[in-house]
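Biologist: Hi! Could you walk me through this one while we both have it open?
Modeller: Happy to, here it comes.

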Amino acid sequence: MANKADDFQKLIDRIEKTNNTFHGILSRDPRQLVITPDFKSKIDSIIGRNERLLKKLMSKEFEIAVVGLEKAGKSTVSNALLGVNILPAKAERCTFVRTEIRAGIENRAEVEFYSPEEFNRNFASLLRELGYKDCTLSEFSWDDFREFWEGVEQKDPSKYREFTCTTVPDLEAMASNKGDILPYLGTGTRSFSKEEIRTSDFRKFITGFKAVGEDGYSVRGAFTYAVKGVTLRSKDIAADMKTAVVLDVPGIDSSSHPYREQIEKALGSADAIIFVTNVGCRPNLCDYQVRVLRKCEADCDGIMLSDKTIVFGNKLDMAGTRDNASKNMDVLKNEVTRCYQIARPDRVIFGSAAAYMMEEKLGMAVPAERADAIVRNTKLFNNGSTGIPELKKVLRDYYDNDRLGAIECRASGNEKQGRKILGEIMEKGKSSEVADAELLSEIKDALAKI
């Protein structure tokens, strides 16, 4: 049997051959007489996806999306996996943008901002979703919208109930804090040094934090709405996670349009998904959780989400007693594996990411007595483990045994789509007055090779 190195090289050769074939075909029609701009755009998209697969194969990159409800502890799980206290992690909601964490030669961060065109396109889609007129944020009037929305409450109560606690508050936040958004649009990417990463000037782009109110609670601005994505690089990432790229995304109950897009994109592109849920207090899955993970039974490349999902029942220490913890774990495992078939039984792990951070002394700002209790209870309820070592083991097993098959599935999907596009070009070329016989012959040969 061929070893894994051989299998990886064969897949690399196969993808490179496909891309070389596409490049050759495109070079034969520089004036786009047969391969129209629309066809070229589709082929370029396939080439781009293949190049990303090649990068993953050659760098051994392992993309992991960490998803769950707000306040489930996603950021703490991400920190624990990587062995660094790099992401903001609090009891309140603190992740508002897609944040990518990867190893680097130094500790630094980049914040990429939307262009005005990208932002206003997203903003208009929010308004259309609610049935409101298209306009830019600069033109948007909250008073006019509020009057419109009061009318929706009378005319379409179901729409009013669906969006009044989700998208509408986003619009109000953007309208009330235009000064937090507009100056950043179109400014490209801003870099932050190791020292700056810990400052509020950087973290506001992840958490939205603006100030502390008179009641002691955080006052949030709208900085995060200007952000397309954040990349954090750390030289301190644990040795066994150096090739991992962890995607920390907003809570899946953050149901406004920009956040839904970020979550769905992460679910589709990731090699593996870690679904974080609070097994200590809420072992039953809610509609939001089930709907997101089962909405697209398969990702964009035909890979079943359940085949790449690992469930981490977090905050086990909060169960109170060993009996409660045992019951909660049974409830969650039954719902995940039998009721909704979100993941396999051997990919359901329990524990506490905070307990792991505290035990490993990774900078959790918690009083010593409270930290001791969290670690003690977690281990008491979970056979002496915080759960993070077991979670890492499942990830390693997935990486060693399933990752190649998943990438191969993506490559096959690209080939299938490529054959379809080439077939359409052939049909159009046959009836075209400017058809290039040699080009059509090459496309025919390519269809046999891909």
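Modeller: Let's begin with α2 and helix α16 (residues 403-430): their axes come within 10 Å and cross at roughly 160°. Axes here are lines fitted to C-alpha atoms, for helices over the stretch in contact, and angles run from 0 to 180 degrees between N-to-C directions. Helices (H or I, at least four residues) and strands (E, at least two) are DSSP runs, numbered from the N terminus.

Biologist: Before we go on, what kind of model is this, and how are residues numbered?

Modeller: This is a predicted model, where local features need pLDDT of at least 70, side-chain atom pairs count only at pLDDT 80 or more, and totals for chains, interfaces and linings use all residues. Residues are numbered from 1 along each chain as its sequence is written, and side-chain values use heavy atoms, with hydrogens and water left out.

Biologist: Thanks. So are α2 and α16 roughly parallel or antiparallel?

Modeller: Roughly antiparallel. Angles under 35 degrees count as roughly parallel, over 145 as roughly antiparallel, 65 to 115 as roughly perpendicular and the rest as oblique. The crossing of α2 with α16 is left-handed, a label used if the near helix is turned anticlockwise from the far one by less than a right angle, with right-handed for clockwise.

Biologist: Which residues meet there?

Modeller: From α2, they include F39, I43, I46, R49, L53 and L57, and from α16, they include L404, I407, R410, N414, I421 and I425. Contact means heavy atoms within 4.5 Å. The residues of this contact of α2 with α16 divide into ten nonpolar, four polar and seven charged. For those classes, Ala, Val, Leu, Ile, Met, Phe, Trp, Tyr, Cys and Pro count as nonpolar, Asp, Glu, Lys and Arg as charged, and the others, Gly among them, as polar.

Biologist: And how does α1 sit against α2?

Modeller: Helix α1 (residues 4-27) packs on α2 at an angle of about 155°, with the axes 10 Å apart. The two are therefore roughly antiparallel to each other, and their crossing is left-handed. F8, L11, I15, F22 and L26 are among the α1 residues that take part, and I43, I47, L54 and M58 are among those from α2. This contact of α1 with α2 divides into 13 nonpolar, four polar and four charged residues.

Biologist: Where else does a residue other than glycine have a positive phi?

Modeller: K315 has a phi near 60°. K315 is in the loop between β10 (309-314) and α12 (322-339), and at 21% relative accessibility K315 counts as partly exposed.

Biologist: Switching to the inside: which residues touch the most others in the largest nonpolar core?

Modeller: F140 and L171, out of 72 residues in that core. Helix α15 (residues 388-401) gives the most to this core, with six residues. A nonpolar core is a set of buried Ala, Val, Leu, Ile, Met, Phe, Trp, Tyr and Cys residues joined through side-chain atoms within 4.5 Å. Apart from this one lies another core, of 30 residues, among them L247, I263, L293 and M329.

Biologist: Why would such side chains gather like that?

Modeller: In soluble globular proteins, nonpolar side chains tend to be buried together.

Biologist: Which residues does L171 contact?

Modeller: Leaving aside neighbours within four places in sequence, L171 is in contact with F123, L126, L127, L130, F140, W142 and F145. L171 also figures where α5 meets α7: W142, F145 and W149 in α5 meet V168, L171, E172 and A175 in α7. The residues of that contact divide into six nonpolar, no polar and one charged.

Biologist: At what angle do α5 and α7 pack?

Modeller: Helix α5 (residues 142-155) and helix α7 (residues 167-176) pack at about 160°, with their axes 10 Å apart. That makes α5 roughly antiparallel to α7.

Conventions. Buried < 20%, exposed > 50% of the residue type's maximum accessible area, 1.4 Å probe, protein only.
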